[in-house]
Amino acid sequence: MNTLAALTDPGEAPSPLGQLLNEENTTRYLQSVGLAHGVVADAVRSADRPSTGARPEEVAALVDAVDLDRPVDLRTSLAELERIYLKDAVWFHHPGYAMHLNCPVALPALAAEAVIAGVNTSMDTWDQSGGATMIERRLIRWTAGLIGWESGADGVFTSGGTQSNLQAMLLARGRALAAQARLDPDAAALPMPERLLGLRIYTSADSHFSIANAADLLGLGRAAVVAIPTGEDRRLDPAALEARLRADRRRGLRPMAVVATAGTTDFGAIDPLPRMARAAREHGAWFHVDAAYGGGLLASSRLAPLLEGIEGADSVTLDFHKTWFQPVACSAIVVRRAADLDLIRHHSDYLNPASVSDAESPNQVHKSLQTTRRFDALKLWTTLRVLGREGIGELVEGVVDLAREAERVLTERGDMALRAPVQLSTLVFQYRPEGIDADEAGRLVAETRRRVLARGEANVASTTVDGVPHLKLTLLNPAMTQGGVSRILDLVADAGRAALSARRADVRDAGAHNPADHLITTEA
Ligand SMILES: *Cc1c(COP(=O)(O)O)cnc(C)c1O
């Protein structure tokens, strides 16, 4: 059934004023969002593949053909969207989707999205937010409780792990500069680039690129990020970290932050948190845990112990739009000591004057890198009210268990090689039938992936491990079955076989027509 055809049409408004949400237009409001929801429901029902594999130039032509100077009614605009966007959209709920860290979204969160957008609260100040601020603060306290901080913590919702990591590094820099000023009051008067000399961030070679980007943005430069090697299990090698910290201190460098990843993007590896916390403390560095991916384990009583040591952090990044099944964007940074947020506190006369107390006006803006900010916390709140923590935890357990079973299935096949044991819900592997080494299998990866994506039945990712290309499955769909994973592996094997024979034919061809051979023949 096509819902769009069946739904009541809001029709044309008498004037642009008729298109604003206010007490006059609630009927048109209901009809408008009803139409939109109908279109999405239709698209989800009819999505028989995770994506169509449409090419950029095809999609660009569809979008460019729209005449933006000729308005249409909403129904026409939504019908147009079906054609230029939804038809070729990428569907994260589809059992063939196993590419990046995207999740199917929880229905209570989508209901909350309707409230968030309709009310349009801005989280920066109490006078724009009211109860929304209390809901956000309560959820931050709740999250802090899961981390193991019973009181005294604080934090704020952000646009994503990238922003949370940037803010964590900004706080770490603030603390390093404050310490420097205490030791040497003259240093505080130096130009900022000089004050930043010698500051270092220690993180695993597998940590997220947003840490290096943050170093750049904060004026430290990428060279200030020290990549500590990982072991066979892809977790940071703590002995290497400790040795490097000691050596750098002897050279007069200043450790600003130690950054652990709790769930690396490729391998799901959880760095040794307790030992890294100790090393950071010993050398006076801020300890940040990037749990953008692994944070969802906190929702499960069974899996939370995997994050043991996270309570030793000064700050934690959580991405609710990854392992908590929330729509983009929903993320947070939580700090152990609320006072640390004062490192970036700012006041402006028009918004949050310093003379007004938190009791009078509980503002959030001075804790955030954003000013105007969506009430994204409501999505998590509503999901939590309906599913409960254990309900969310069950979904997380579902993908972790699925990945462990997929590891067994993949290992038992004779034609695939897993690069490292599964830790969360990703599998990094190669199509590698007998007689092929890892380097040769690596040369098949791009073509294999291209062939899989072109068929449109499955979306898989690729990555490079120690210079060698690999394929990657990210399992973040609790509704996915083992049969679905096996089906994706079969598609990969088909594509891999085709890539291998194409490559062998190419090599033979190249051998026959190699101009260099010709040259040698001539010389001879
Ligand atoms: C995804 C991810 C990030 C970035 O988060 P965004 O929400 O995409 O900005 C940071 N760190 C890790 C480990 C991630 O997996």
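How many residues of the lining of the largest pocket are nonpolar, polar and charged? I looked it up: the lining divides into 22 nonpolar, five polar and two charged. I counted Ala, Val, Leu, Ile, Met, Phe, Trp, Tyr, Cys and Pro as nonpolar, Asp, Glu, Lys and Arg as charged, and the others, Gly among them, as polar.

I note that this is a predicted model, where local features need pLDDT of at least 70, side-chain atom pairs count only at pLDDT 80 or more, and totals for chains, interfaces and linings use all residues. Residues are numbered from 1 along each chain as its sequence is written, and side-chain values use heavy atoms, without hydrogens and water.

**Largest pocket**

I find a volume of about 1000 Å³. Of its 29 lining residues, Val-40, Trp-91, Val-105, Leu-110 and Pro-327 are the closest to the centre. Helices H2 (26-46), H4 (74-84), H5 (107-119) and H13 (320-323) each give two or more residues to the lining. Domain 1 (11-87) and domain 2 (122-374) each supply at least three; the bounds come from an automatic or database domain assignment.

For terms, a pocket is an open set of points on a 1 Å grid over the protein atoms alone, where a 1.4 Å probe fits, with protein on both sides within 12 Å along at least five of seven lines; lining residues have an atom within 4 Å of a point. Volume is the space filled by probe spheres set on the points, joined across faces, edges and corners. Helices (H or I, at least four residues) and strands (E, at least two) are DSSP runs, numbered from the N terminus.

**Second largest pocket**

I read about 310 Å³ here. Of 16 lining residues, Ala-179, Arg-254, Pro-255, His-283 and Gly-284 lie nearest the centre. Helix H8 (161-183) and strand E5 (254-261) give two or more residues each. H8 gives the most, with six. The lining splits into nine nonpolar, three polar and four charged residues.
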